[in-house]
Amino acid sequence: GNPELPTAVNITWSSINFKTILQWQPKPSGYFYTVEIHGQTSDTKKKCILTTETECDVTDLLRNVKETYTAHILSVMSSGMDNFEEPPFAVSEKFTPYSQTVLGKPEIQNYTQKDSKLTVVFQDPLIPYTFPNGSFQSIRDIFQHDLQYKLYYWKDQSSGKKDTVTKSRTFEVSVDSTKNYCFYIQGIVPSRRENRNGQESVVVCTSVGRNILDEYGAEVFIIIAVLAVAVITLAIVLSVILCKRKKAKAAREKEALNGV
């Protein structure tokens, strides 16, 4: 082969919602890389042939998500693919998409807080794979009953946090009807040994019965009170001054009349 060519190092799999990118080092100079994906039961497939990049999107080669794969990063000259010599290569760690891809952020579609019930409806993260009609699958289509979601919720401006779990796309929890609540959602695959918990959704807060004190805090009220006192004081001072001026003017007019 070409033992003088450097081989790839620091090979890593990066995968979110089954979109999987291979990354490695170093940047090639005077040679190229070609990626081979080896499955335990599937044929070897090539991707990113003769590339000068140090990453490769291999999502479409990992459709059997329960298969375990390894990647061979070949270091080749431009003509290296035309002969029968085996080029030098580096081998990645094993990767099984079903057990290792990270669950992405769920999308909160809508929520309501009515009386003492908080209802949250959300959407499963989509994945790059499609149905025959062209629509994208979701992580639920892959994990099915192995997928759960956890809702974390707490009273607005409070540190006490509660949680509840569902296998559906809707949460319903009992809350204090006089308080506002904040919450976020996270996907979970309990059967996993690692990466059990997915990425957290955005934090959303309800606004039922929210008053100015909840919205802005006591500091604003203190400022308003100080300004009110200042305005009242100024009004009193101006009233006293005007009253004194009025009395002085009346006295002067009286003296003038007496002089006449």
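Student: Why is Cys-56 called buried?
Tutor: This is a predicted model, and the value is computed from it. Cys-56 has a relative accessible area of 2%. Buried means under 20%. The value for Cys-56 is 2%, so the residue is buried.

Student: What makes Cys-48 partly exposed?
Tutor: Its relative accessible area is 23%.

Student: Why is the disulfide of Cys-48 and Cys-56 called right-handed?
Tutor: The torsion about its S-S bond is about 95°, so the disulfide is right-handed.

Student: How many disulfides does a search of the whole structure find?
Tutor: It finds two. Cys-182 and Cys-205 also form a disulfide, with sulfur atoms 1.9 Å apart. The torsion about the S-S bond of Cys-182 and Cys-205 is about 100°, so this disulfide is right-handed.

Student: Which parts does the pair of Cys-182 and Cys-205 tie together?
Tutor: Cys-182 lies in strand 15 and Cys-205 in strand 17 (residues 204-205). The pair therefore ties together parts that are 23 residues apart in sequence.

Student: Are Cys-182 and Cys-205 buried or partly exposed?
Tutor: Cys-182 has a relative accessible area of 4%. That is under 20%, so Cys-182 is buried. Cys-205 stands at 32%. That falls between 20% and 50%, so Cys-205 is partly exposed.

Student: What is the pairing of the bonded cysteines in sequence order?
Tutor: The pairing is 1-2, 3-4.

Student: Now the rings. How many aromatic pairs does the structure hold?
Tutor: It holds 11.

Student: Why is the pair of Trp-13 and Phe-95 called stacked?
Tutor: The ring centres are 4.7 Å apart. Centres within 6.5 Å make a pair. The planes meet at 10°. Planes under 30 degrees apart count as stacked, so this pair is stacked.

Student: What makes the pair of Trp-13 and Phe-95 a link between distant parts of the chain?
Tutor: Trp-13 is in strand 1 (residues 9-16). Phe-95 is in the loop between strand 7 (89-91) and helix 1 (97-100). The two residues are 82 residues apart. Both Trp-13 and Phe-95 are buried.

Student: Why is the pair of Trp-154 and Tyr-184 called edge-to-face?
Tutor: The planes of Trp-154 and Tyr-184 make an angle of 65°. Trp-154 sits in strand 12 (residues 148-155) and Tyr-184 in strand 15 (residues 181-188).

Student: Why do Trp-154 and Tyr-184 count as buried?
Tutor: Trp-154 has a relative accessible area of 14%. Tyr-184 has 9%. Buried means under 20%, so Trp-154 and Tyr-184 qualify.

Student: Which lysine lies over the face of Trp-154?
Tutor: Lys-161 does, at 5.1 Å from the ring centre.

Student: What is the order of the three strands in the open sheet?
Tutor: The order is 1-2-5, with antiparallel pairing.

Student: What makes strand 1 and strand 5 edge strands?
Tutor: Each pairs on one side only.

Student: How do you know that strand 1 and strand 2 pair?
Tutor: They share six bridges. At least two are needed, so they pair. Trp-13 stands opposite Leu-22 in strand 2.

Notes: Residues numbered from 1 in each chain as written. Predicted model: local features only at pLDDT ≥ 70, side-chain atom pairs only at ≥ 80, totals over all residues. Heavy atoms only, no water. Phe/Tyr/Trp six-rings, centres within 6.5 Å; stacked < 30°, edge-to-face > 60°. Helix = DSSP H or I, 4+ residues; strand = E, 2+ residues; numbered from the N terminus. Buried < 20%, exposed > 50% of the residue type's maximum accessible area, 1.4 Å probe, protein only. Lys NZ or Arg CZ within 6 Å of the ring centre and 35° of its normal. Disulfide = S-S within 2.5 Å.
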